[in-house]
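Dear colleague,

I am passing on a structure for you to look through, and below it I have written out what was found. Please read the notes with the structure open beside them.

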Amino acid sequence: MLKILKYSFYDLMRSRWSYVYFAFYLLLGIVLLFLNNDLSKAVITLMNVIIILVPLIGTIFGVMYYYNSKEFTELLLAQPLKRSSIFLGQYLGVAISLSMSLILGLGLPFVFYGLFESSAIWDFSLLLITGTFLTLIFTALAFNIALSNENKIKGFGYAILLWLFLAVIYDGIFLLVLIGFEEYPLDKVSLIGTMLNPIDLSRTLILLKLDISALLGYTGAIFKQFFGTNYGLIVSFIALSLWVIVPVLRIVYKSKKKDF
Amino acid sequence: MKKLVVFMSVMLMTGATTAQTLEVCKTCAITSVQAAITQAKAFDTIVVKKGTYKEHNLNFDKPLTIIGKDQPVIDGELKGEIITITSDNVTIDGLMIKNVGTSYTADYAAIRVKRSKNFTIQNVVLEKLFFGIYIERSSDGKILNNKIIGDAVEEYNSGNGIQLWYSKNVQIENNIVQHVRDGIYLEFSDFCTIKNNLSSLNVRYGLHFMFSNDDVYEGNEFSNNGAGVAVMFSKRIKMYNNLFKDNWGTASYGMLLKEINDAEIIGNTFHDNTIGINIEGSNRIIYKHNNFRNNGWAIKVRGACYTNTFTENNFLYNSFDIAYNSNVNDNTFDRNYWSSYTGYDLNKNGIGDIPYRPVKLFSYIVNRTPETIILLRSMFIDIIDFSEKVSPVFTPDDLLDNNPLMKKATW
């Protein structure tokens, strides 16, 4: 598995797209820092970018990579290799190279700006951690979609739809539910609703460290109890980990069953 | 020789007219403040030297000046009230007073002024107190440079730092009030000036107005208070250049206005508060040159607020600029700077060419269903905010800043 991981990783490192992705984040980081001059504001803007763009790029990249390297995968399958290690290797190769572009691209300008002396370092690390989680989650989801669809166009379509659903439509439905049932206590519903969508979860997690904590407490005791303590942070991270583990397990399961 | 004669005569004359000075110390003829008060005649000066005096119920019933040298301590041993002033023209200067008794039936104070005029309380340090300085039915006094540090934890068993009740023309300046229930509390007190005080870390309000008219407060700092500053049921209050910050909690605000009419709120800074200003039933108020920075809500308008004007304020990076709970608007917004304004200025006159709508659809939704706040900064919310901006349905469509500034307002 490690060998395949290494191969996929180097393959992607050589590809143009990783550099474009890296350069994009580098540019974004530099522009934000030097136009804003306020580190915590830059972190908020970055959050908006991360919760929208990282999933999108993770999904598209994952699907694209799978379809592009399909012939090579079939070649590998002819070798005496475990299926799970082939697909996990490819998955990790994509996910790790994307995460690296993200961390380095955003991290470098901030380090040069003097992040280590700033109090925003925790907000910023949290941002990178959730960004990495989102990459892992959406690449895994993309691999799932690609494995289940032979048709390239269909696969791409589903991938985009998935992103659109989780990034935008889900929140719309969520909002309608909350307004529709406004007569009832909604604390728990909204907590569960947040846990079920990795993008919402990441957003809430970052906002908690920024401006939202007191605003959330405004609405009720459960919010305050949950988000005001480390308990909320731990539960959120567990939920994010589940969002990585479940799709990865499905990759393993699906790849074993799949007929090439 | 001539000089000496002049000097001698001046000495004689002053000696004859000025009152005498009594000294209190452990080794003096007078060893307690109570004894000094009993022996003193009107307009005498009592000088208390360094030391700890275990006394309470000191009643200043004649015009006296008491001056502490090197901050002597008067320890009330939690037995009740410590100093009561019932005469006009009393000055208290440089004492440290501690251990005021706590009671659920009487408001024991470190210093109480009752039906007096022209009192001065200055350079006093109060610690371990129930009520600090309590002024009732008095007028024309000064409370200057005092430091009041309480140890209040709960609202029900703590008192206020400086309390005015039915008093007039009192100047409260340069005091530090911390860890009490209400830092400064005015009830039925008119024409008072509250200036350059620091009121922080109090259990309830930093400053609390009730039924008090024509007061001015300026240059004060209110920070980290349980609920911020409350101004209620008062008229013609002037609030200038104060700083309200870090009132960050579930039911906190920088300032609460309730039933306030004809006030002026000018040059204040509100930053890092859950709600900058919470307005309810307040009319004809002028908001000018204020800075609202990093608040949850800069201004929350609850209802029954008419003919208020907001001009040349800066709204910077608040989660919500303005929240309204109805779609009727009778307030005016003009020439403010809004950090979330996205318009343009083609003729370069410093004023944006398209009006700004400070009330977002999302802030309307949050008002209705508070739990939806969990969707803050979600992409879907940005989309519906945008569509509401293009064609307002839920938010007041005449609530506009027609002349939004392109750059921060300076004054």
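In this predicted model, chain A contains twelve helices and zero strands, so that reading along the sequence gives the pattern α-α-α-α-α-α-α-α-α-α-α-α. The radius of gyration of chain A is 20 Å, close to the 18 Å that the globule rule gives for 260 residues, and chain A is therefore as compact as a globular protein of that length. Taken along the principal axes, the C-alpha atoms of chain A fill a box of roughly 60 × 45 × 30 Å, and buried residues account for 41% of the 260 residues in the chain. If you consider the contacts in chain A between residues at least 6 apart in sequence, you will find that 82% of them join residues at least 24 apart.

One helix of chain A deserves a separate look. Helix 5, which covers residues 83-113, has 31 residues and reaches 45 Å from its first C-alpha to its last, close to the 45 Å expected at 1.5 Å a residue. After helix 5 of chain A comes A:Gly114, whose phi is positive, near 105°.

Where the two chains meet, 28 residues of chain A are in contact with 21 residues of chain B. On the side of chain B that touches chain A, the largest share, three residues, is supplied by helix 4 (residues 379-390) of chain B, and by class that side has ten nonpolar, eight polar and three charged residues.

With best wishes

Technical notes:
Residues numbered from 1 in each chain as written. Chains lettered and ligands numbered in written order. Predicted model: local features only at pLDDT ≥ 70, side-chain atom pairs only at ≥ 80, totals over all residues. Helix = DSSP H or I, 4+ residues; strand = E, 2+ residues; numbered from the N terminus. Rg over C-alpha atoms; globule rule 2.2 N^0.38 Å. Buried ≥ 20, exposed ≤ 12 C-beta atoms within 10 Å, placed from the backbone. Contact = placed C-beta atoms within 7 Å. Nonpolar A, V, L, I, M, F, W, Y, C, P; charged D, E, K, R; others polar. Expected span 1.5 Å × (residues − 1).
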